Amino acid sequence: MQITDEKINQLAHLSRLTFDNNEKAKIKQDLERILELCESLNKIDTEGVEPLIHMTNSVNIVREDNPHQEFSREELLKNAPKKDSDYFRVPKVIEQAK
Amino acid sequence: MTTYEAIIGLEIHIQLLTKSKAYCSDLAEYGALPNTQVSPISLAHPGTLPKHNKEVIEKAIMMGLALNCNITRNNRFDRKNYFYADLPKGYQITQDQTPICTGGFVSIKNKDGEEKSIRITRIHMEEDSGKSMHDQDLNDTLVDYNRAGVPLIELVSEPDLKSAEEAYEYVSEMRKLVRYLGICDGNMEEGSLRCDANVSIRPVGTTTFGTKVEIKNMNSISNVKRAIESEIIRQTELLNSGQTFVSETRGFNALKGQTFSMRTKEAANDYRYFPEPDLPPFIVSDAYLQQLTESLPSLPHQLYNRLKNELSLPEYDAKTITEDKDLTNYFLNITEHTSNYKSAANWTLGTIKSYLNEQAMHINDFHLNASKIAELIALIDLDKLSNSSASQLVFPELVKNPNESVLSIAERLNVIQTNDVNLISGIIAEVLAKYPDKVEEYKNGKKGLLGLFVGEVMKASKGKADPKTVNTEVIKALS
């Protein structure tokens, strides 16, 4: 399957990443190889086989509605690259025009 | 000019009233200090896994049962992927393929007062996102994750609504239902009930759909109505002047009463839904469904029918009382102590409701035992107490002394009516003696003067004479 430049741009946009042209070419190659590998699965007859979603057969694993706060705000903010005493800080996200 | 009809479908997000979040145990309270109700799971730290909150599934099913839906037996969950700072995982857990409820309907009253059935498409469970604040800081967006992972159900209607009024009725009915079921507080201002509307118009008589516009940010039920009204006018004017418009998302400016274009999203969103492997399926068994069906409380329309048909209340009384679940309970408590249901309704909607309004109080904070209201009604029905002294004098005193008997308060206030004919006749004689010329006029045929005499007698008795006895005795004295 051919990966178009358009597809690369769309995927880059969805994952909020930017690539220069060299990187794009490389990623394109990688993606095509991954897809090729996946296409080998098409050789198997999966007629009537339900998709495997879960690795176990467990169902109805639920918990009671009991709240529980284990960590303080200070601890939870610790790993954030940017923060103040109350909030996580991220680059200004206002819907951007293309 | 072409006549158009509107086609409206509503999507309502209902924040479920649970103590903890949907997929982790963080507190789910509204209004806490920022980022004090979060955990490694809601922040999507690597290696953390979600786990179902039993209560979320239960409340979602209750809503479906109340709306006559089919309950999906085999529930799976899906990831809706999008990249935004208020969504730490990069995806929202939702139900794309197997919404927990499908089909169903709700009845609303249209503008002619007729019942109209609005079909429900689906209800599915999902989780809320965090809250971003863009205007607090020059360079950064501040994010509070307290709301991230709070349970929601999304309720989607078929495009069966034909006017802004019907949309208003529909949202009111849903709000009433969630409050009756106790699954959501229904507070639109605080965002626990959020409504988006899809609005299009088409020439009457045609069957194809026109261009659809989605309206967001309507934070009260009356704004839902106003926004849809103004959007229908906008679309009609554009089409009538030969213009077209695009399918887009519009916001509502409540001050101007107009919808406005929000920036349209570039390239349709691609949410790349796929099954959520971290959450095991939830299977709704027959026994579980049976148990929930049996535990379902009385619903507003059932209580309305009971009040109207069994207790013979007028439609207006039945409708107004059942607007509020707790008021209905109070009313029903009164009726356990009296068989004068109409009077119980009058007290509930009159004196009690105005008292609550004056005090800005909710009925749940009104601690007067309902049997006391029945005592008041009984005294009135025995002609021992007039309606006005009961509501204006005895009631306020009763609220202050909720343990005193009504009779003792009425005696203390000296407002017990008398139908002692001797006493009343004495007063009548005094009054008639004061107005010899009026008596003459009455006897000459001016019968309208009866009211004057009765009024004067009542005044002279300081309101204590029983008006019915006074009436009879005055007529007797004048004949």
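Colleague: Which residue stands opposite Ser107(B) in strand 9 of chain B?

Modeller: The residue opposite Ser107(B) is Ser117(B), in strand 9 of chain B. Please note that this is a predicted model, in which local features need pLDDT of at least 70 and side-chain atom pairs count only at pLDDT 80 or more, while totals for chains, interfaces and linings use all residues. Residues are numbered from 1 along each chain as its sequence is written, chains are lettered from A and ligands numbered from 1 in the order in which they are written, and side-chain values use heavy atoms, with hydrogens and water left out.

Ser107(B) belongs to strand 8 of chain B, residues 105-109. Strands (E, at least two residues) and helices (H or I, at least four residues) are DSSP runs numbered from the N terminus. Strand 8 of chain B runs antiparallel to strand 9 (residues 115-127) of chain B, and five bridges join them; two strands count as paired if DSSP finds at least two bridges between them. Five residues lie between the strands of this hairpin, and Gly113(B) takes a positive phi near 80° there.

In a regular strand the side chains alternate between the two faces of the sheet. Buried means under 20% relative accessible area, exposed means over 50%, and partly exposed is in between (1.4 Å probe, protein chains only).

Strand 9 of chain B also holds Glu127(B), and this residue forms a salt bridge with Lys89(B), the closest N and O atoms being 2.6 Å apart. A salt bridge here is a side-chain nitrogen of Lys or Arg within 4 Å of a carboxyl oxygen of Asp or Glu. Lys89(B) sits in the loop between strand 5 (78-81) and strand 6 (91-94) of chain B, so the pair links parts of the chain that are 38 residues apart. Glu127(B) counts as buried because its relative accessibility is 6%, while Lys89(B), at 28%, counts as partly exposed.

Strand 2 of chain A and strand 11 (residues 140-144) of chain B run antiparallel and are joined by four bridges. Within strand 11 of chain B, Asp140(B) is the bridge partner of Pro91(A).

Asp140(B) also forms a salt bridge with Arg89(A), the closest N and O atoms being 3.0 Å apart. It counts as buried because its relative accessibility is 6%. Lys82(A), Asp84(A), Arg89(A), Asp137(B) and Asp140(B) are linked in a network of salt bridges. Over all chains, a search of the whole structure finds 37 salt bridges. Arg89(A) is in strand 2 of chain A and Asp140(B) in strand 11 of chain B, so their pair joins two chains.

The setting of that pair is the interface of chain A and chain B, where the rule finds four salt bridges. In total, 37 residues of chain A are in contact with 54 residues of chain B, contact meaning heavy atoms within 4.5 Å. The area buried between the two chains is about 4200 Å², and carbon and sulfur atoms give 56% of this; buried area is the accessible area (1.4 Å probe) that two parts lose on being put together, summed over both.

The rule also finds 32 residue pairs in polar contact across this interface (both at pLDDT 80 or more). A polar contact is a pair of N or O atoms within 3.5 Å; within protein, one must be able to donate a hydrogen and the other to accept it, and residues adjacent in sequence count only if both atoms are side-chain atoms. Helix 1 (5-14), strand 1 (62-63), helix 3 (73-77) and strand 2 of chain A each supply at least two residues of the side of chain A that touches chain B. Strand 2 of chain A gives the largest share of that side, four residues.
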